[in-house]
Amino acid sequence: MADEYSKAIEQAAELILRSGCVTAFTGAGMSTESGIPDFRSPGGIWSKANPDEFTIQSFMADSENRKRHWSLFSESGLTLDMEPNPGHYALAELERLGKLRCIITQNVDNLHQKAGSSPENVLELHGNMQRVVCMSCREVTPMREVLKRLAMDSAPQCLLCGGILKPDAVFFGEMLPQQILADSAEISRQSDLFIVIGSTLVVYPAAYMPVYALEAGAKLIIINLSETPLDQYADVRITGKAGEFMPRIVDTVKAGMAL
Ligand code: NAD
């Protein structure tokens, strides 16, 4: 199918074929086609809720706040076991082809792993909502088990110690997992190609990763529906959907490898 993006797809595939260390960096836009809204698009989560009210401090403050948090997560679909979309499967395929070193993700939805990407090659900067952690005894429980209790108890507590249960995702005001952050920064600097998919690139420190890659001389591909602050540095910029364009790029890579 030839269209206005055929040349950009060829260029992206060519860059992937020529590169030895390719990193993908994914944001909420990677998963909108799986039915999980992003935060900043019109109609996204922050058009319905005030981010200032969804901090770790407010979550820990009282059970009424916790109920509001759990209700927002449930409405957003983030607590549910959603299905990957063709964009996630394309990245898993790229890894199987030996053309993707790792995925650094801001997403907390577990969909890269569910699509078949190796868990050890998925660096989750903001945690994973499919796990719930007790803020007192640190016991980890699968989200699906906590969801069963949520209908009866809208601010669930730890069954072992009565502590506050929190999705194992990084809230505003919380530290990012430091080892994962350090590993992500190192891999970004080692990359010779960095592919940004579905991120506004305005959430820090995650958004430093493409900057580290660029500073170290990497080429940059951006696939995103709206503008990003790094568009001017992109070697290939595709304004389109991840689930549409990633499979086309990976098909073109496969065709190039077969030659
Ligand atoms: P964001 O909401 O700031 O931006 C998403 C970007 O993706 C936007 O620029 C939008 O234009 C683009 N986009 C939307 N659908 C797209 C598609 N189908 N294809 C390509 N681009 C698309 O998201 P962010 O930059 O990841 O930062 C928001 C924070 O929200 C992150 O910290 C992340 O942890 C969290 N978050 C995660 C999920 C998830 O895990 N699925 C969902 C919502 C928010």
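In this predicted model, Val 132 stands opposite Pro 167 in strand 6. That pair belongs to the contact between strand 4 and strand 6, residues 165-169, which pair in the antiparallel sense over 5 bridges.

- In general, the strands of a sheet pair through backbone hydrogen bonds, in either a parallel or an antiparallel way.
- Strand 4 spans residues 127-134 and is mostly covered, with 7 of its 8 residues buried.
- Strand 4 is joined to strand 5, residues 140-142, by 3 bridges, and the two run antiparallel.
- The bridge partner of Val 133 in strand 5 is Val 140.

**Helices against the sheet**

**Cysteines**

- The structure holds 0 disulfides.
- A disulfide is a covalent bond between the sulfur atoms of two cysteines.
- For Cys 137, the closest cysteine sulfur is that of Cys 134, at 3.7 Å, which is too far for a bond.
- For Cys 158, the closest cysteine sulfur is that of Cys 137, at 3.8 Å, again too far for a bond.
- Cys 137 is partly exposed, at a relative accessible area of 35%, whereas Cys 158 is buried, at 8%.

**Largest pocket**

- The largest pocket holds about 1,000 Å³ of space.
- Its lining consists of 47 residues, and those nearest the centre of the pocket are Ala 28, Phe 39, Arg 40, Gln 106 and His 126.
- Helix 3 supplies the largest share of the lining of the largest pocket, with 4 residues.

**Asn 85**

- Asn 85 sits in the loop between helix 3 and helix 4, the latter being residues 86-96.
- Asn 85 has a relative accessibility of 3% and therefore counts as buried, the limit being under 20%.
- Leaving aside neighbours within four places in sequence, Asn 85 is in contact with Met 30, Ser 31, Glu 33, Ser 34 and Gly 243.
- Asn 85 and Leu 111 are 26 residues apart along the chain, and their C-alpha atoms are separated by 8.4 Å.

**Backbone exceptions**

- Most residues other than glycine have a negative phi, and most peptide bonds are trans.
- Arg 138, a residue other than glycine, has a positive phi near 70°.
- Arg 138 is found in the loop between strand 4 and strand 5, a hairpin with 5 residues between the strands.
- Asn 110 is not a glycine either, yet has a positive phi of about 70°.
- The loop holding Asn 110 runs between strand 2, residues 102-105, and helix 5, residues 111-115.
- Asn 110 is partly exposed, with a relative accessible area of 21%.
- Tyr 204 and Pro 205 are joined by a cis peptide bond, with omega at about 5°.
- Pro 205 lies in the loop between strand 7, residues 193-197, and helix 8, residues 208-215.

Definitions and conventions:
Residues are numbered from 1 along each chain as its sequence is written. This is a predicted model: local features need pLDDT of at least 70, side-chain atom pairs count only at pLDDT 80 or more; totals for chains, interfaces and linings use all residues. Side-chain values use heavy atoms; hydrogens and water are left out. Buried means under 20% relative accessible area, exposed over 50%, partly exposed in between (1.4 Å probe, protein chains only). Two strands pair if DSSP finds at least two bridges between them. A disulfide is a pair of cysteine sulfur atoms within 2.5 Å. On a 1 Å grid over the protein atoms alone, a cavity is a set of points where a 1.4 Å probe fits but cannot get out, and a pocket is an open set with protein on both sides within 12 Å along at least five of seven lines; lining residues have an atom within 4 Å of a point. Grid points are joined across faces, edges and corners, and a volume is the space filled by probe spheres set on the points. Contact means heavy atoms within 4.5 Å.
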